[in-house]
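Please find below some notes for your reading of this entry.

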Amino acid sequence: MKSFIKKCDWEITTKCNLNCKHCLINYNPKKELSTKECFLVIDLLKELGCKQINFTGGESLTKKDFFDILDYSNQKGIVNNLFTNGTQINKKNIDKIKDYIKYVGVSLEGMKRENDIIRSEGSYKRTIACLNLLNKNKIPFGIYLTLNKNNIENLKNILKKIKEFNTFNISINEIVLRGE
């Protein structure tokens with residue numbers, strides 16, 4: 001059978017530990033798939049030829065069975081990437097990240113002041129710790145910045161800060177409004 005789906009971007013959860021001003025996702029636990037249902041989705045994706053899943057959310061790392069899902073996907077030979085706010089990657093889970101994830105996309109909305117205004121107080125410090133941990137563990141990552149009126153004036157400083165990291169890429173996005 002010819003490959004129908006090569007890559008999948010999967011919003012695995014809408015749950016998140018932050019409250020970003022520009023985010024449109026609302027958590028609804030009733031819509032969350034069970035572990036078994038997630039395994040079924042992975043089986044179907046694999047059957048259709050999927051070779052890569054980009055896990056996103058919400059915040060994927062807030063899903064309690066996320067590493068079980070990654071393990072299952074990995075066993076099926078699928079390349080796993082993670083798009084995250086970076087605040088949940090730490091010394092306790094970095095080895096699992098290294099084992100299951102090929103690339104990590106991390107959101108950073110500015111320097112400390114701008115980032116914490118946009119994303120939540122204290123998120124800058126945790127995200128910077130995540131970026132340092134990814135570097136230390138030689139896990140390829142990119143930085144994703146949503147440009148808006150709160151951070152545009154400090155873009156030069158943000159880019160200088162990002163340059164300090166051995167990042168694979170940077171993606172500068174604009175706010176995209178989605179409706180229901």
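This is a predicted model: local features need pLDDT of at least 70, side-chain atom pairs count only at pLDDT 80 or more; totals for chains, interfaces and linings use all residues.

1. The model has an open sheet of 6 strands, in the order S1-S2-S3-S4-S5-S6, with parallel pairing. Strand S1 (7-11) and strand S6 (169-174) are the edge strands; each has a single partner strand, so one side of each has no neighbour in the sheet. From one strand to the next, the twist averages 20 degrees.

2. Strand S2 (residues 52-56) and strand S3 (residues 79-84) run parallel and are joined by 4 bridges. Within this pair, Gln-52 stands opposite Val-79 of S3. As background, strands of a sheet pair through backbone hydrogen bonds, in either a parallel or an antiparallel manner.

3. A helix on the sheet. Helix H6 (residues 155-163) lies across strand S5 (141-147) and S6. The angle between H6 and S5 is about 170 degrees.

4. Ser-123. This residue is found in helix H5, which covers residues 123-136. Is Ser-123 buried or exposed? Its relative accessible area is 0%, so Ser-123 counts as buried, the cut-off for buried being under 20%. The side chain of Ser-123 reaches the backbone oxygen of Ser-120 at 2.8 Å. Leaving aside residues up to four places away in sequence, Ser-123 touches Leu-18, Thr-87, Asn-115 and Asp-116.

5. Gly-110. This glycine lies in the loop between S4 and helix H4 (112-119). With a relative accessible area of 1%, Gly-110 is buried. Which residues does Gly-110 touch, not counting those up to four places away in sequence? They are Asn-115, Tyr-124, Leu-145 and Ile-158. Gly-77 is 33 residues from Gly-110 along the chain, and the C-alpha atoms of the two are separated by 36 Å.

6. The largest pocket. How much space lies in the largest pocket? The computed value is about 1,000 Å³. The lining of this pocket consists of 35 residues, and those nearest its centre are His-22, Cys-23, Ile-25, Thr-56 and Gly-57. The elements giving two or more residues to the lining are S1, S2, S3, strand S4 (103-107), S5 and S6. These are the strands named in the sheet order under point 2.

Conventions: Residues are numbered from 1 along each chain as its sequence is written. Side-chain values use heavy atoms; hydrogens and water are left out. Two strands pair if DSSP finds at least two bridges between them. Axes are lines fitted to C-alpha atoms, for helices over the stretch in contact, and angles run from 0 to 180 degrees between N-to-C directions. Contact means heavy atoms within 4.5 Å. Buried means under 20% relative accessible area, exposed over 50%, partly exposed in between (1.4 Å probe, protein chains only). A polar contact is a pair of N or O atoms within 3.5 Å; within protein, one must be able to donate a hydrogen and the other to accept it, and residues adjacent in sequence count only if both atoms are side-chain atoms. On a 1 Å grid over the protein atoms alone, a cavity is a set of points where a 1.4 Å probe fits but cannot get out, and a pocket is an open set with protein on both sides within 12 Å along at least five of seven lines; lining residues have an atom within 4 Å of a point. Grid points are joined across faces, edges and corners, and a volume is the space filled by probe spheres set on the points.
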